[in-house]
Amino acid sequence: MSDNIICQLKIEGMDCADCAAKVERHVSKLPGVKLAQVDFINAKLNIEFKDDEIKLDTIKNEIKKIGYSVKETDQVRKTSLIVEGMDCPDESRPIEERLKKMEGVQNIQFNLIANKLILEHTCPIGDIQQALKELGFKSQFAEHVRKKSEQSFWQKNRMMILTIISGAFAIVGGILRYFGFSDAITIPLLLIAVMAGGFHIFKKGWKEAINLTLGMNFLMSIAVIGAMIIGEWSEAAMVIFLFALAQLLESYSLDRARKSIQSLMELAPNVALLKEESGERIVPVEQINIGNVIIIKPGERIPMDGIVSAGNSFVNQSPITGESLPVAKTIADEVFAGTINEKGTLEVHVTKKFEDSTLSRIIHLVEEAQAKKAPTQNFVERFARYYTPAVVSFALLLAIIPPLVFHASFNEWFYRALVLLVISCPCALVISTPVTIVSGLTNAARNGILIKGGAYLENFNRLKALAFDKTGTLTEGKPRVQTIIPINHFTEAEILTIAASIESRSEHPLAQAIINYAQTRNIQLQPLENFESITGKGVGAAINGTIYLIGNHRLFEENGWCEKEIHQHLEKIERKNHSAIILGKEGQILGIIAIADAIRENAIGAIEDLHRSGIQKTIMLTGDNHQTAEAIAHELGIDEYHAELLPEDKVTAVKKLLTQYEQVAMVGDGINDAPALAAATIGISMGTSGTDTALETADIALMKDDLGKLAYFKHLSRKTVQIIKQNIFIALFLKGIFVILAIPGL
């Protein structure tokens, strides 16, 4: 087992957000690097890498190669352990308190849904495992998420079998005791019920006692042992059975949450069809390396991330991006593990090992997000930490004071104290929040939304304002043909054919927009003669002996070709802040092509849905000019816009919004907008244009650049918070009622 090394490097010479993005991209692509995240404001690079695949000196040298100097600041090891029996925050508390006292343990995270303990440490991992063993917990290194150890029937069903035995003997023993059978018959039956249902409870309760971390198992152990001491054998057996049954049901609820993560793991197959010179063979995905070619037949799930090297097909990407319709894939297109090949056979050049695939990273992010507790979950666990000792103290006073002060029956008040201990167990309270949170996280992941912590799922409901970057977020970031205006009896098809043919020799971005549009219309390009570039104005060429010019307004104005009608068309185009490309020949204008950065297909509907969902203010932050910003904001229905902003100006704007609205989210492309994303309450990154970067940049990533998902996420956040509040209210209300009834013996 190789450790993950976490290291922070000071990067000198990183002067802008583009520099930060360059360093992040370069380091992220190095084999063995699991995470590379730049803190641009503090000029630091946080990296996590496997020490058996790449060395720190290699990473430093790679950074130096691209022109930056490096200074190492900190280095620790990161280890994940699977801890058996760690199913509740009450059981993780003694672990946390013990490990905090160990020298060299720097950070502790629990993922109860995955039974996982994540540590950052400088001390030997063996010392940590020994400490866990002394607390009564077995641990082993967390292997790859797909590798599952086979369990025997007894291991899988032990809890259920013991609970059934406990219940059967408790009921039989209780009935016989009710009908007057002797203690010699009933007590052994009831004792079997207590031992079957309570053995693991007593064991954990003893560990809690000797480590002074009183929890639910300690409460229950005292109550049951006390009941047996005063001769209430039937009640002791029934209480332990009911508590074991409650734990069994709790275990099932946790298993449901775990299965929601497991269902993500099962999206991609365990094996792949590997293409080799000698033929084809099926191999486990863990044995496939970068550069190998795998074959995916129609109807099969794609096992690994890669680039299509042969074949054409349609791929259902909904498990990863949330897209509702299959996407056409051909040579050079990217495909993701876990997606479904629907039509033709594809050959895919593997670009990532399975553990580094987009799907694997989604799974890790969901698990890690559950470990980053939501505010309500933190509150509940803090409450339970003080609640249990308070209940024990109150029960002790209830058993002692009435007999000593008021000369009441000791047995009666001791019995009432035991009842108080039983009904005060905080387990239902502390487990309801994480189960709800992990259900929300996996629901979002299935819909193409990756969330890096339960806090963001819970807090999104509280947002009052949402700020957007323009280019690449509200717009596609690529110039597209918007309209073609035919003049002098020419048709759109004729204008597009001539324009695309001439522009096929040009390298201008607007030329590419015309060519792309012609391809969507299946336009056949014409052969050219005498192609000429006119610097700063346009280009010219001859087609079938006729010389055509295509370019900007200046080119045709200088030639005296523009008439009043042309100026009217140009004014309309400019009011929309579109770029005008004019086509002409022999002194006359044939047509005008309007080109602009296209608004995303569903952006207008997304803004409307956000307003309806409760967002008070939508704001656009852009480096573009005021005229463009005003036109885009008006078309989208954005409430407010700020134009001509540098990256640092966007940070200032976000901070100002925070003083006005307290809770503000920022949506951007995850690279140049990184400082603003970090400054916002919640940073949201568009994911398709740079999936790897997007997954690491913001708090939330939209795997498919679908702004419509934001309103859905607002609804999901609101529903999650409602369920959490319902769970907490029900747990506290029922406990309150029973405590009130327990004290007077009712």
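Student: Where does threonine 546 lie?
Tutor: This is a predicted model, where local features need pLDDT of at least 70, side-chain atom pairs count only at pLDDT 80 or more, and totals for chains, interfaces and linings use all residues. Residues are numbered from 1 along each chain as its sequence is written, and side-chain values use heavy atoms, with hydrogens and water left out. Strands (E, at least two residues) and helices (H or I, at least four) are DSSP runs, numbered from the N terminus. Threonine 546 lies in residues 546–551, which is strand 22.

Student: Is threonine 546 buried or exposed?
Tutor: Buried means under 20% relative accessible area, exposed means over 50%, and partly exposed is in between (1.4 Å probe, protein chains only). Threonine 546 has a relative accessible area of 18%, so it is buried.

Student: Which residues is threonine 546 in contact with, leaving aside neighbours within four places in sequence?
Tutor: Contact means heavy atoms within 4.5 Å. By that rule, the partners of threonine 546 are Ala541, Lys585 and Glu586.

Student: Where does threonine 681 lie, and how does it count by accessibility?
Tutor: Threonine 681 sits in the loop between helix 23 (674–679) and strand 28 (682–686). Its relative accessibility is 25%, so threonine 681 counts as partly exposed.

Student: What separates the C-alpha atoms of threonine 681 and valine 654?
Tutor: Threonine 681 and valine 654 are 27 residues apart along the chain. Their C-alpha atoms are separated by 9.3 Å.

Student: Why is strand 3 largely enclosed by the rest of the structure?
Tutor: Strand 3 covers residues 44–50. It is largely enclosed because, of its seven residues, the number buried is five.

Student: How many bridges join strand 1 to strand 3, and how many join strand 2 to strand 3?
Tutor: Two strands pair if DSSP finds at least two bridges between them. Strand 1 (residues 4–12) runs antiparallel to strand 3, with seven bridges. Strand 2 (residues 33–39) is also antiparallel to strand 3, and here the bridges number six.

Student: Which residue in strand 3 stands opposite valine 38?
Tutor: Asparagine 4 has lysine 50 as its bridge partner in strand 3. For valine 38, the residue opposite is leucine 45.

Student: Which residue in strand 6 does valine 105 stand opposite?
Tutor: Strand 5 (residues 105–111) and strand 6 pair in the antiparallel sense over six bridges. Strand 6 (residues 116–121) is mostly covered, with five of its six residues buried. Opposite valine 105 stands histidine 121.

Student: What gives the most residues to the largest nonpolar core?
Tutor: A nonpolar core is a set of buried Ala, Val, Leu, Ile, Met, Phe, Trp, Tyr and Cys residues joined through side-chain atoms within 4.5 Å. The largest has 38 residues, and Leu466, Phe468, Ile684, Leu707 and Leu710 touch the most other members. Six residues of this core come from the top contributor, helix 25.

Student: Where is leucine 734, and is it buried or partly exposed?
Tutor: Leucine 734 has its place in helix 25 (residues 709–742). At 41% relative accessibility, leucine 734 counts as partly exposed.
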